[in-house]
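Open the structure in your viewer and keep the selection tool ready. This tour tells you what to pick next and what is there.

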Amino acid sequence: MYFELTEEQKMIRQAARDFAQAELKPGVIERDELQKFPAEQIKKLGELGFLGMMVSPVYGGSGMDAISYVLVMEELSKIDASASVVVSVNNSLVCYGLEKYGSEAQKQKYLMPLAKGECIGAFCLSEPEAGSDATSQSTTAIDMGDHYLLNGTKNWITNGGTASTYIVIAQTDAAKKHHGINAFIVEKGMPGFTVGPKENKMGIRGSDTHSLMFTDVKVPKENRIGEDGFGFKFAMSVLDGGRIGIASQALGIASGAYELAKQYAKDRKTFGKPLADHQAIQFKLADMATEIEAARLMCLKAAWLKDHGKPYAHASSMAKLYASEVAMRTATEAVQIHGGYGYVKEYHVERLMRDAKITQIYEGTSEIQRIVISRGLLK
């Protein structure tokens, strides 16, 4: 086993770290407060090649590996999870799905601008009555010959208002159940496509989360991804990769909270000595660091499996489950170490605690991850 990063991977990590400190940190508290989408920062991330990291240069991407993706997601998420989730969705759920399963025409028309960071994409699976149960799609796409007629509502869509390209999962033939589900590329501005109000969320408040409504939207036949009935398999495949992204986001939130707590413990004096000299605090920091390192190795293992063309669904679920729970524990402990200061916004850790919670919910709740993992174990 070889645990050393390549020089290129180290450079990519450093570039992400520098960007997070210079571009994301200033204004991150204000963006959270105002629920402001980090538009300028996302544009710059696109220029750096981070919105199409793993896409082949043939289609405008950076051609990086999944390990580099984990490194970038961790560094960005230490500072601003609202920005990092845009990177995750665009890379894992949109670009990856289009490059792996899209037609050549779809790649030329949609993948290239997404990979270059000229625009961003959204992945539309969840519905008011279909979150964890992805087989229960109420959104319908009726085959009308040369086009599909799309009707329904999607909930909790990241990049919902700022995306220009949407991958929408819909039911074409209810009798076939999940075998009758398809994935479609929908463009903003198509008649009948409406973006609902922005959600007022507890965490990742800068992220652009909306409901989407489709009323008799005409989707050209050539915008279906893959063969008829491939939509459910498509969704499950991209979510496997997406879990690496969200696991890495959770890892970054945990790392960011730990680094702040460690520094505060060194600086803050109580009972005549630094907080870090108290054994109770030392033990907290030891537990935090140990769990973070375990989560990091799980993320990197899942990414390594993906890079080497090996099955990685099981590993990505484990990484997502564990890293998200470590993020919640670590961020909560970071607030505790800060004491009263941890409860106010200027010290950052209360935001990281609020941001951590969503990593246990989206792209498959912790309960769903346990189902996926146990099924893999018992096959």
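Select glycine 49. This glycine follows helix H3, and its phi is positive, near 90°. Helices here are DSSP runs of H or I with at least four residues, strands are E runs of at least two, and both are numbered from the N terminus.

A word on what you are viewing. This is a predicted model, in which local features need pLDDT of at least 70, side-chain atom pairs count only at pLDDT 80 or more, and totals for chains, interfaces and linings use all residues. Residues are numbered from 1 along each chain as its sequence is written, and side-chain values use heavy atoms, with hydrogens and water left out.

**Stop 1: helix H3**

Select residues 39-47, which form H3. Which of its residues are buried? They are Gln41, Ile42, Leu45 and Gly46. Buried means under 20% relative accessible area, exposed means over 50%, and partly exposed lies in between (1.4 Å probe, protein chains only). Look down the axis of H3: the buried residues fall within an arc of 145°, so they line one face of the helix. The arc is that of the directions from the helix axis to the C-beta atoms.

Now colour Glu40, Lys43 and Glu47. These exposed residues sit on the face of H3 turned away from its buried side. Next, show what the buried residues pack against: helix H1 (7-24), helix H2 (28-34), helix H4 (66-79) and helix H5 (81-101).

Stay in H3 and pick leucine 45. Its relative accessible area is 0%, so leucine 45 is buried. Leucine 45 touches Phe19, Phe50, Leu51, Leu76 and Val87, not counting residues up to four places away in sequence. Contact means heavy atoms within 4.5 Å. Draw a distance from leucine 45 to valine 86. They are 41 residues apart along the chain, and their C-alpha atoms are separated by 9.9 Å.

**Stop 2: alanine 20**

Move to helix H1 and select alanine 20. Is alanine 20 buried or exposed? Alanine 20 counts as buried, at 1% relative accessibility. Leave aside its neighbours within four places in sequence, and alanine 20 is in contact with Lys25, Glu75, Leu76 and Ile79.

**Stop 3**

Select isoleucine 169 in strand S4. Isoleucine 169 is buried, with a relative accessible area of 1%. Its contacts beyond four places in sequence include Phe123, Leu125, Thr139, Ile181, Ala183 and Phe234.

Now go to lysine 177. This lysine is found in the loop between strand S4 (165-171) and strand S5 (181-187). Lysine 177 is exposed, with a relative accessible area of 61%. Check its backbone: phi is positive, about 55°, although lysine 177 is not a glycine.

**Stop 3: aspartate 216**

Select strand S7 (residues 209-220) and find aspartate 216 there. Aspartate 216 has a positive phi of about 50°, although it is not a glycine. How exposed is aspartate 216? It is partly exposed, with a relative accessible area of 46%.

**Stop 4: alanine 323**

Jump to helix H9 (residues 313-338) and pick alanine 323. Alanine 323 is buried, with a relative accessible area of 1%. Leaving aside neighbours within four places in sequence, alanine 323 is in contact with Ala247, Ala250, Leu251, Ala295 and Cys299. Then pick isoleucine 337, 14 residues from alanine 323 along the chain. The C-alpha atoms of these two are separated by 20 Å.

**Last stop: the whole chain**

Zoom out. The chain has eleven helices and ten strands. Its radius of gyration is 21 Å, close to the 21 Å that the globule rule gives for 379 residues, so the chain is as compact as a globular protein of that length. The radius is taken over C-alpha atoms, and the rule is 2.2 Å times the number of residues to the power 0.38. Buried residues make up 55% of the 379 residues. Among contacts between residues at least 6 apart in sequence, 73% join residues at least 24 apart.
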